[in-house]
Amino acid sequence: MPLAILAGGWFGYVRLSVETVKEQPEAEEKRTLRTRVASVEPTSYPIAVETNAVVQSHNQVVLAAEVAGAVTRVSPKFEVGAYFSEGDILVEIDPRNYASARAIAKSRLQAAKSALDLAKLDEKRKLRLIERNAVSGAEVDVASATREQAEADVELAQAELERTELDLKRTKVAAPFDGRVRTKNIGLGQMANANTPLGEIFAIDFAEVRLPISAQQRRFLELPEVEGDPAVRVVLRDAISRSVETTWPARIVRTEGVLDADSRDMFAIARVDDPFGLESGLPPLRIGQPVVASIDGVVLRDVVALPRAAVRQLDKIVLVKQDGQTLLPMTIEPVWSDAQHVVVTASAIPDGTWLATTPMIYTPEGTVVEVIEDQASPMAVAESCSPAKEERSTN
């Protein structure tokens with residue numbers, strides 16, 4: 001048995017100990033970085049400063065009664081959202097008491113005039129009689145004083161008549177300007193006292209937008225500071241639905257003289273003519289509507305506008321040297337940036353380089369890259385592709 005076990009082990013060893021030939025692994029293919037590039041050429045870049053604001057009326061007042069009485073008529077134009085014109089009668093208050101007061105004032109004025117006529121005749125008679133020593137000087141003085149008192153009574157009666165006529169006129173509440181009704185607080189048959197709020201109205205000839213401007217943005221804007229300074233062009237877009245392509249033209253006409261206490265922003269006031277499109281035919285720009293404002297700024301000269309997608313970590317770009325096609329990563333200091341571009345001075349970009357526009361995880365300096373020639377695109381068209389330029393061409 002031991003011999004049989006030894007023989008079996010030897011036989012198994014011989015059979016299983018045949019050397020296996022290992023296949024040699026294929027040599028790894030050397031990979032070369034590939035990237036798209038864009039030329040970086042100096043150009044001019046018009047800045048468009050964007051800020052958010054809310055449309056507000058430039059003249060919004062509370063319409064109030066000036067006399068007391070029952071409301072006898074409410075115009076259909078005095079409904080929430082209704083339009084009205086300057087001089088339209090919006091609310092009427094019962095005028096009967098004021099008509100009676102005017103009639104009484106007229107009668108008093110007539111009586112005062114009659115009394116004045118009598119006083120003048122009496123004074124003239126006394127003056128003739130005193131020349132013949134028929135009356136005393138005291139009687140003449142009394143006649144003159146009576147005439148002066150009658151004149152004062154006429155003036156008082158005239159003023160009272162004017163007051164009653166004004167009160168009667170005030171029973172009809174007229175619109176002070178062209179506008180719309182924001183709120184309505186009165187109804188037919190309701191009693192109104194003097195200074196009772198009837199409703200709130202606002203003007204529609206133009207609206208205003210209060211635009212916050214940060215200290216950084218102010219460096220690139222030439223805003224009107226005093227009367228006579230040229231207005232600055234603004235384009236407004238709907239901030240609620242960005243898919244709406246409608247724009248509204250506006251212009252900055254003045255700036256506020258103080259900075260915001262919390263943000264230290266300065267506010268510029270932009271005016272929008274015909275906000276409800278009654279004459280222009282544009283969709284209405286409603287009061288309280290949030291908007292995005294694009295303000296025309298200065299034009300930067302001798303700069304390079306880099307596509308934002310090519311800038312990494314806010315201030316990192318990768319250049320490709322045209323001589324040898326090797327990578328040159330570098331850090332930039334932006335002069336201006338917006339949603340599409342990061343703008344740097346032309347002197348910050350070395351001559352003889354392209355901008356790598358393909359995202360690359362590993363970009364060591366000096367690495368040779370393969371340029372995808374058919375995807376190369378020049379960047380000297382920054383001015384034509386900037387948002388400000390596009391809006392100028394479409395508006």
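Trainee: What sits over the ring of F206?

Mentor: The charged end of R271 does. Keep in mind that this is a predicted model.

Trainee: What makes R271 count as sitting over that ring?

Mentor: Start with the distance. R271 is 4.0 Å from the ring centre of F206. The cut-off is within 6 Å, together with an angle within 35 degrees of the ring normal. R180 is placed over a ring too: it lies over the face of F276, at 4.8 Å from the ring centre.

Trainee: Which aromatic cluster does F276 belong to?

Mentor: The one formed by Y83, F202 and F276.

Trainee: How many aromatic pairs does a search of the whole structure find?

Mentor: Four. One of them is F84 with F177, at 6.5 Å centre to centre and 35° between the planes.

Trainee: Why is the pair of F84 and F177 called tilted?

Mentor: Planes under 30 degrees apart count as stacked, and over 60 as edge-to-face. The angle here is 35°.

Trainee: What does the pair of F84 and F177 tie together?

Mentor: Parts that are 93 residues apart in sequence, because F84 lies in strand β6 and F177 in the loop between β8 and β9. Both F84 and F177 are buried.

Trainee: Why is the pair of F220 and W336 called edge-to-face?

Mentor: Its planes are 65° apart, with 5.1 Å centre to centre. The cut-off for edge-to-face is over 60 degrees, so 65° qualifies. This pair links distant parts of the chain: F220 is in the loop between α4 and β13, and W336 is in strand β19, 116 residues away. F220 and W336 are both buried.

Trainee: How do you know that S75 counts as buried?

Mentor: Its relative accessibility is 4%. Buried means under 20%, so S75 qualifies. S75 is in the loop between β5 and β6. Leaving aside neighbours within four places in sequence, S75 is in contact with I89 and L90.

Trainee: Why are α2 and α3 called roughly antiparallel?

Mentor: Helix α2 (residues 96–131) and helix α3 (residues 137–170) pack at about 165°. Angles over 145 degrees count as roughly antiparallel, so these helices do. Their axes are 8 Å apart.

Trainee: Is the crossing of α2 and α3 left-handed or right-handed?

Mentor: Left-handed.

Terms used:
Residues are numbered from 1 along each chain as its sequence is written. This is a predicted model: local features need pLDDT of at least 70, side-chain atom pairs count only at pLDDT 80 or more; totals for chains, interfaces and linings use all residues. Side-chain values use heavy atoms; hydrogens and water are left out. Helices (H or I, at least four residues) and strands (E, at least two) are DSSP runs, numbered from the N terminus. Buried means under 20% relative accessible area, exposed over 50%, partly exposed in between (1.4 Å probe, protein chains only). Contact means heavy atoms within 4.5 Å. Rings of Phe, Tyr and Trp (its six-membered ring) pair if their centres lie within 6.5 Å; planes under 30 degrees apart count as stacked, over 60 as edge-to-face and the rest as tilted. Axes are lines fitted to C-alpha atoms, for helices over the stretch in contact, and angles run from 0 to 180 degrees between N-to-C directions. Angles under 35 degrees count as roughly parallel, over 145 as roughly antiparallel, 65 to 115 as roughly perpendicular and the rest as oblique. A crossing is left-handed if the near helix is turned anticlockwise from the far one by less than a right angle, and right-handed if clockwise.
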